[in-house]
Amino acid sequence: MDARFNMFENEIAAKFFKRFANTAMVLHQSPLPRSTQELVSLRASQINGCGWCVDMHTKDAAAAGESAVRLNLVAAWRESTVFTEAEQAALALAEEGTRLADAHHGVSDETWAEVRKHYDDDQIAALVCLVSMINAANRLAVIVHQRGGSYEPGMFAAAFD
């Protein structure tokens with residue numbers, strides 16, 4: 001299946017992506033640990049079936065030093081011993097914030113309490129915005145069939161410098 005539409009070559013989409021990338025930079029520069037950002041982005045992308053974003057976040061995380069073991073276990077984080085309690089809270093928030101249609105309550109009070117226990121207000125703001133942003137990115141890529149496999153680490157950031 002080929003991409004339906006090249007969002008990178010369209011003037012309106014290019015303007016949008018430049019602003020999207022600038023917004024993402026705010027999150028990258030936040031006090032939320034970069035490894036947590038990549039794990040959360042990867043998990044939401046797995047749930048949404050976004051090959052482009054799974055490819056991107058797996059490769060960017062690996063390039064930043066994330067271990068293959070942790071990357072391979074993100075989809076089964078509840079059944080793994082390699083994630084901290086803070087990372088588990090972030091991954092739970094990512095799942096519940098991504099699967100809004102699957103649960104009438106959205107993010108549970110239990111998950112929210114765990115997030116509050118492990119992160120300060122600035123980190124929480126970044127985490128909530130990150131979950132929203134990655135879900136938007138997943139939808140953009142899935143709608144136009146932007147497929148995974150060709151991404152090179154740092155490619156997205158470099159395209160909008």
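1. Let me start with a pair of helices. Helix α5 (residues 85-98) packs against helix α7 (residues 121-143) at an angle of about 50°, and their axes are 10 Å apart. Helices here are DSSP runs of H or I with at least four residues, while strands are runs of E with at least two, numbered from the N terminus. Axes are lines fitted to C-alpha atoms, for helices over the stretch in contact, and angles run from 0 to 180 degrees between N-to-C directions. The two helices α5 and α7 are therefore oblique to each other; the scheme takes angles under 35 degrees as roughly parallel, over 145 as roughly antiparallel, 65 to 115 as roughly perpendicular, and the rest as oblique. The crossing of α5 past α7 is right-handed, meaning that the near helix is turned clockwise from the far one by less than a right angle, with anticlockwise giving left-handed.

2. Which residues make this contact? On the α5 side they are Ala90, Leu93, Ala94, Gly97 and Thr98, and on the α7 side Leu127, Val131, Asn135 and Arg139. Contact means heavy atoms within 4.5 Å. Sorted by class, the contact of α5 with α7 has five nonpolar, three polar and one charged residues. In this sorting Ala, Val, Leu, Ile, Met, Phe, Trp, Tyr, Cys and Pro are nonpolar, Asp, Glu, Lys and Arg are charged, and the others, Gly among them, are polar.

3. A word on the source. This is a predicted model, in which local features need pLDDT of at least 70 and side-chain atom pairs count only at pLDDT 80 or more, while totals for chains, interfaces and linings use all residues. Residues are numbered from 1 along each chain as its sequence is written, and side-chain values use heavy atoms, with hydrogens and water left out.

4. Helix α5 also meets α2. The axes of α2 and α5 come within 9 Å and cross at roughly 35°, and this crossing is right-handed. From α2 come Ser35, Thr36, Leu39, Val40, Arg43, Ala44, Ile47 and Asn48, which meet Glu87, Ala90, Leu91, Ala94, Glu95 and Thr98 in α5. By class, the contact of α2 with α5 has seven nonpolar, four polar and three charged residues.

5. Please look at Thr36, which lies in α2. Is Thr36 buried or exposed? Thr36 is buried, with a relative accessible area of 4%; buried means under 20% relative accessible area, exposed over 50%, and partly exposed in between (1.4 Å probe, protein chains only). Leaving aside residues up to four places away in sequence, Thr36 touches Glu87, Ala90 and Tyr119.

6. Next, α2 with its other partner. Helix α2 (residues 34-48) and helix α3 (residues 51-63) pack at about 155°, with axes 8 Å apart, and are therefore roughly antiparallel to each other. Here α2 passes α3 in a left-handed crossing. In α2, Glu38, Ser41, Leu42, Ser45 and Gln46 meet Cys53, Val54, His57, Thr58, Asp60 and Ala61 in α3. By class, the contact of α2 with α3 has four nonpolar, five polar and two charged residues.

7. The cysteines deserve a check. How many disulfides does the structure hold? There are zero disulfides, a disulfide being a pair of cysteine sulfur atoms within 2.5 Å. Cys50 is in no disulfide, and its nearest cysteine sulfur, that of Cys53, is 3.3 Å away. Cys50 counts as buried at 1% relative accessibility. Cys53 is likewise in no disulfide, its nearest cysteine sulfur being that of Cys50 at 3.3 Å, and Cys53 is buried with a relative accessible area of 2%.

8. His145 has a positive phi of about 60° although it is not a glycine. As background, most residues other than glycine have a negative phi.

9. Finally, two loop positions. Thr84 is in the loop between α4 (68-73) and α5 and counts as partly exposed at 42% relative accessibility. Ser80 lies in the loop between α4 and α5, but counts as buried at 13% relative accessibility. The C-alpha atoms of Ser80 and Ala62, 18 residues apart along the chain, are separated by 19 Å.
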